[in-house]
Amino acid sequence: MIKSIAALLLLTAINTFAQTPPKPYGALPAPRQIAWHETEVYGIMHFTPTTFENKEWGFGDADPKSFNPKDFNAEQIVLAAKAGGLRGIVFVAKHHDGFALWPTKTTEYNISKSPFRDGKGDMVKEIADAARKHGLKFGVYCSPWDRNNAKYGTAEYLAIYREQLKELYTNYGPLFMSWHDGANGGDGYYGGAKEKRSIDNTTYYQWDSTWTNLTRKLQPSANIFSDVGWDVRWVGNEDGEAAETSWATLTPVPSKGQNVAVPGQANADENPGGTRNGKFWIPAECDVPLRKGWFYHPDQKPKTPEKLFELYLKSVGRGAGLDLGLAPDTRGQLHEDDVTALKTFGDRVKNTFATNLIARASSKAVNVRGYNSVYSAKNILDGKPESYWATDEDFKTPEVTIDLGNPVTFDIICLQEYIKLGQRIEGFAVDVWEGNDWKEVATGTSVGAKRLIKLSAPVTGQKFRLRITKSPVSVAISEFGLYKDSM
């Protein structure tokens with residue numbers, strides 16, 4: 001009887017372990033950040049009187065009557081973005097020039113004073129409605145710097161800015177992002193003063209209370225973007241590229257000589273790669289204009305589809321997000337060149353990653369956690385983000401062999417971790433069976449939400465091996481794929 005009880009207890013313990021997932025490692029993403037990772041590519045749209053002045057930054061003195069896009073077409077812009085594979089749009093509701101593109105109650109310098117829609121227009125609403133109609137997420141950017149407002153630089157302005165955020169947070173439905181940059185203070189119109197005003201941006205905006213009491217309460221699903229997060233960080237450049245080794249975690253560090261890390265006062269040198277074992281999950285956004293500038297200029301051309309695909313590999317393919325700058329022309333539409341570039345880029349991404357060439361292959365791992373099929377290596381080929389291959393605690397550098405049976409030719413490797421358990425892997429390699437031995441064709445470091453490696457030349461094989469070469473803990477891998485560039 002005693003032996004039977006002992007055996008039962010042992011069996012229960014084994015079954016319990018077999019059902020136990022790996023322990024989370026390090027900082028973890030919140031649900032809103034998981035949704036952001038799934039978005040992958042989105043756009044940020046700049047359109048103010050600055051467009052009609054053919055400038056990059058407006059001074060804040062443009063006549064509202066100059067803003068008159070007679071053929072504005074929100075659906076044309078949104079559909080072009082969707083064709084480009086963008087899954088969201090962040091609309092610049094107010095840039096540094098201070099011109100509000102919604103009929104705000106906080107300033108006279110707004111769209112109701114322009115000829116647009118006979119003074120009854122609301123461009124924030126039009127873009128938000130078009131985006132949701134066509135299945136895109138919607139977010140807003142409201143510049144904290146206001147070169148038009150006479151109160152800027154005084155204590156009174158903070159209440160104005162917060163009221164603007166409140167209007168945007170409460171009148172336009174759920175947001176996937178609340179976007180903030182670090183441009184603060186300098187030359188401006190300031191109600192006719194035409195002077196330079198400086199502020200201490202470590203204290204002036206009171207970001208902690210602004211984000212806690214406004215953003216988190218009114219838009220709990222919105223990811224806060226800035227140099228330092230809270231949810232998504234600036235990658236530290238406007239080139240559209242993250243570092244080859246890129247961690248989704250970050251410990252924000254103040255700029256040299258400062259005491260606090262805030263938008264505009266952060267150590268951007270660390271942003272491209274993040275902080276290994278950083279205190280917070282704050283992945284990188286790679287923001288880059290589709291053209292040379294953020295606003296439309298008739299003498300510029302959009303980036304080629306080839307360049308955009310390269311940026312996709314170096315942003316989304318390094319665990320970051322790609323944020324493309326969209327710039328309507330004076331008609332209020334994206335130029336035909338932009339539409340064509342987006343469509344060609346979107347088709348290339350869609351066609352390239354339509355089929356995982358090894359999805360039907362058999363897999364054999366050196367270890368499966370608790371011998372439990374729930375954590376089987378076949379999960380890395382099923383195309384389901386919620387399933388993953390996991391190993392026992394002492395298997396930190398495992399490998400899995402994939403046998404397809406028939407040869408395939410590929411030139412892009414895709415690897416994804418189950419990031420709900422943290423970013424774990426620090427090194428990996430991919431081999432192809434060639435003749436009588438394995439040949440290494442690619443190596444990498446960080447993985448995270450997604451890692452893409454483009455080979456210098458296509459490789460053909462039918463038997464492949466994924467090796468994890470460095471990890472501080474057991475692995476949790478969601479997807480492994482081989483693809484052929486559709487170009």
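Here is a quick briefing on this predicted model, from its confidence down to single residues. Mean pLDDT (the predictor's confidence in each residue, from 0 to 100) is 95 for the protein chain, and 96% of its residues reach 70 or more.

**Ground rules**
- Numbering runs from 1 along each chain as its sequence is written, and side-chain values use heavy atoms, with hydrogens and water left out.
- Because the model is predicted, local features need pLDDT of at least 70 and side-chain atom pairs count only at pLDDT 80 or more, while totals for chains, interfaces and linings use all residues.

**Where to be careful**
- Over residues 10-14, pLDDT stays under 50, and the model has zero contacts there beyond four places in sequence (contact means heavy atoms within 4.5 Å).
- Where pLDDT is low, the predicted coordinates should not be read in detail.

- On the contact between them, domain 1 puts in 21 residues and domain 2 puts in 18 residues.
- An unreviewed UniProt entry annotates residues 43-347 as "domain: Glycoside hydrolase family 29 N-terminal"; UniProt positions follow the numbering used here, feature names are shortened, and annotations may be inferred rather than shown by experiment.
- That span, 43-347, is 25% helix and 16% strand, with its end C-alpha atoms 17 Å apart (helices are DSSP runs of H or I, at least four residues, and strands are runs of E, at least two, numbered from the N terminus).
- The unreviewed entry also has "domain: F5/8 type C" over residues 361-470, a span with 0% helix and 55% strand whose end C-alpha atoms lie 25 Å apart.

**Helix α7**
- Helix α7 (residues 207-218) has 12 residues, which should span 16 Å at 1.5 Å a residue, and its end C-alpha atoms are 15 Å apart, which agrees; the expected span is 1.5 Å times one less than the number of residues.
- Trp207, Thr210, Trp211, Leu214 and Thr215 are the buried residues of α7 (buried is under 20% relative accessible area, exposed over 50%, partly exposed in between, with a 1.4 Å probe and protein chains only).
- Looking down the axis of α7, these buried residues fall within an arc of 110°, so they line one face of the helix; the arc is that of the directions from the helix axis to the C-beta atoms.
- Exposed Asp208 and Lys217 are on the face of α7 turned away from the buried side.
- The cover over the buried residues of α7 includes α6 (155-171), β4 (177-179) and β7 (223-226).

- Valine 349 belongs to helix α9 (residues 336-352) and is buried at 15% relative accessible area.
- Leaving out residues up to four places away in sequence, valine 349 touches Phe309 and Tyr312.
- Leucine 482, in strand β19 (residues 476-483), is buried at 0% relative accessibility.

- The peptide bond from glycine 229 to tryptophan 230 is cis, with omega near 20°, and tryptophan 230 lies in the loop between β7 and β8 (232-234).
- Glutamate 40 has a positive phi near 65° without being a glycine, and is buried at 13% relative accessible area.
- Aspartate 118, not a glycine either, has a positive phi of about 55°, but is exposed at 70%.
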